[in-house]
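Subject: Structure handover and notes on the fold

Dear colleague,

Please find the structure below, with its sequence, followed by my notes on what was found in it.

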Amino acid sequence: MVTLADVARHAGVSASTVSYVLSGKRSISASTRERIQRSIDELGYRPHAGARALASSRTQILALMMPLRTDLYVPVMMEIAMAVTTTARAHGYDVLLLTGEEGPEAVRRVEGSALADAMIVMDVELDDPRLPYLRQTERPAVLIGLPADTTGFTCVDLDFEAAGARCVDHLADLGHRQIAVLGEPPAVYERRTGFAERTLAGLRGAAAEREVGLLHRPCDGTYTAVAATVDRIFEERPSTTALLVQNEAAVEPLLGLLRRQGLAVPEDVSVVAVCAAQVAAQASVPLTSVGVPAQEMGRRAVEHLVAHLDGQRTTGTVLIAPDLTVRGSSGPAPVAGPRAGRTERAGRGHSG
């Protein structure tokens, strides 16, 4: 293993001079710095992490707080985490992943132990209990998500409110007057998770503006739960002609259920989703959808945090505009309700 002394001998300088160049604690001439850097590159020297942290008061580690809950779609969470990790490495940082549901305790642990230089916080609730502690910590933080009060924070997220509105506008433009929403599991709304609440606000606002009826039902992702929810929707609103899904786990159970009930997509009922693009594109009926830009969210969060650590003391909210991709699952609203359309087709088939 190459040592600092090896670099000093190779560059023809003292070990202390190499140390000063690495720490930046003392001014060294440009020519000497360049000679030392050439030696570092040629020898493949890597400073000891502990020594580097002592010299610079930095750990070169970012803490990523990503509670892994059973009611959230983990693949999207992991895609964000991968984007955070690769972007962090490109900037010379490693990532400490905290997956427990510790809440404020996780913030206190990172702050008290100096485990990391800064924090990225995911699964943000409107009234997130971690926020008061994040406001008090000396370490910068970026939220992937939007709380009710963003004062003093840098936040990065998809504009979920605009995403909900965009879906309603798309369906209203196709003539749909009654839309039902299969939402996230009930626990997500009970926690007042930001992305789900903001999507719902966008849906309701656009529905009121377009004079479209809107029915929202939280739903677990199992076939049994989806079947019960869809039956309830059509019992309460038989004239429903479009279903909007914000629950990746419910997508295939829903499409399978509609097939078993003899309902054609989109002839009898249109289906639109706010979900991971891969889920929508690879569904048994490719879904018209607003994709969740997981990689961009993770990348932007790290870039804002690194800029802050480099002295750019900026805060604010970065909302990524929604992009609706039209696929084969949305079409003009049927003249009759979906059940009537199915009965009519069945009658034609029998008479033929």
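In this predicted model, an open sheet of six strands runs in the order β2-β1-β3-β4-β5-β11, and its pairing is parallel. The edges are taken by β2 (94–98) and β11 (316–320), each of which has a single partner strand, so one side of each is left without a neighbour in the sheet. Direction ignored, neighbouring strands of this sheet are turned by 20 degrees against each other on average.

Two of the pairings in this sheet can be described in detail. Strands β1 and β2 pair in the parallel sense over five bridges, and within that pairing A63 stands opposite L96 in β2. Strand β4 (residues 141–144) is joined to strand β5 (residues 154–158) over three bridges, also in the parallel sense, with V142 standing opposite T154 in β5.

Helix α5 (residues 74–90) lies across β1 (61–65), β2, β3 (118–121) and β4, and runs at about 155 degrees to β2. Together, β1, α5 and β2 make a right-handed β-α-β unit. The loop between α4 (49–56) and β1 holds Q60, a residue that is not a glycine and yet has a positive phi of about 60 degrees. As background for judging this, most residues other than glycine have a negative phi, and most peptide bonds are trans.

There is a second open sheet to consider: its six strands have the order β7-β6-β8-β9-β10-β12, and here the pairing is mixed. Its edge strands are β7 (213–217) and β12 (324–325), each pairing on one side only. Helix α10 (residues 194–210) packs on this sheet, where it touches β6, β7 and β8, and its direction makes about 160 degrees with that of β7. Strand β6 (residues 178–182) and strand β8 (residues 242–245) run parallel and are joined by four bridges, and in β8 the bridge partner of I179 is A242.

Helix α12 (residues 251–260) lies across β6, β8 and β9 (270–275), and runs at about 160 degrees to β8. In the loop between α12 and β9 one finds P266, which is joined to V265 by a cis peptide bond with an omega of about 10 degrees.

I turn now to the helix pairs; two packed helices are described by the angle between their axes and the distance between the axes.

How do the axes of α8 and α10 cross, and within what distance do they come? The axes of helix α8 (residues 160–173) and α10 come within 6 Å and cross at roughly 35 degrees, and α8 passes α10 in a right-handed crossing. On the α8 side the contact involves F160, E161, G164, A165, V168, D169, A172 and D173, which meet F195, R198, T199, A201, G202, L203, A206, A207 and R210 in α10. By class, this contact of α8 with α10 has nine nonpolar, three polar and five charged residues.

Helix α11 (residues 223–236) packs with α12 at an angle of about 60 degrees, the axes being 9 Å apart, and that angle makes α11 oblique to α12. The crossing of α11 and α12 is right-handed. Y223, V226, A227 and V230 of α11 make the contact with P253, L254, L257 and R260 of α12, and the residues of this contact divide into seven nonpolar, no polar and one charged.

The remaining pair in these notes is formed by helix α1 (residues 4–11) and helix α3 (residues 30–43), which pack at an angle of about 120 degrees with their axes 9 Å apart. These two helices, α1 and α3, are therefore oblique to each other, and α1 passes α3 in a right-handed crossing. The contact is made by D6, V7, H10 and A11 of α1, together with R35, I36, S39, I40, E42 and L43 of α3. Sorted by class, the contact of α1 with α3 has five nonpolar, two polar and three charged residues.

Key. Residues numbered from 1 in each chain as written. Predicted model: local features only at pLDDT ≥ 70, side-chain atom pairs only at ≥ 80, totals over all residues. Heavy atoms only, no water. Pairing = 2+ DSSP bridges. Contact = heavy atoms within 4.5 Å. Axes fitted to C-alpha atoms, helices over the stretch in contact; angles between N-to-C directions. Parallel < 35°, antiparallel > 145°, perpendicular 65-115°, else oblique. Left-handed = near helix turned anticlockwise from the far one by under 90°. Nonpolar A, V, L, I, M, F, W, Y, C, P; charged D, E, K, R; others polar. Right-handed = clockwise from strand over helix to strand, strands pointing away.
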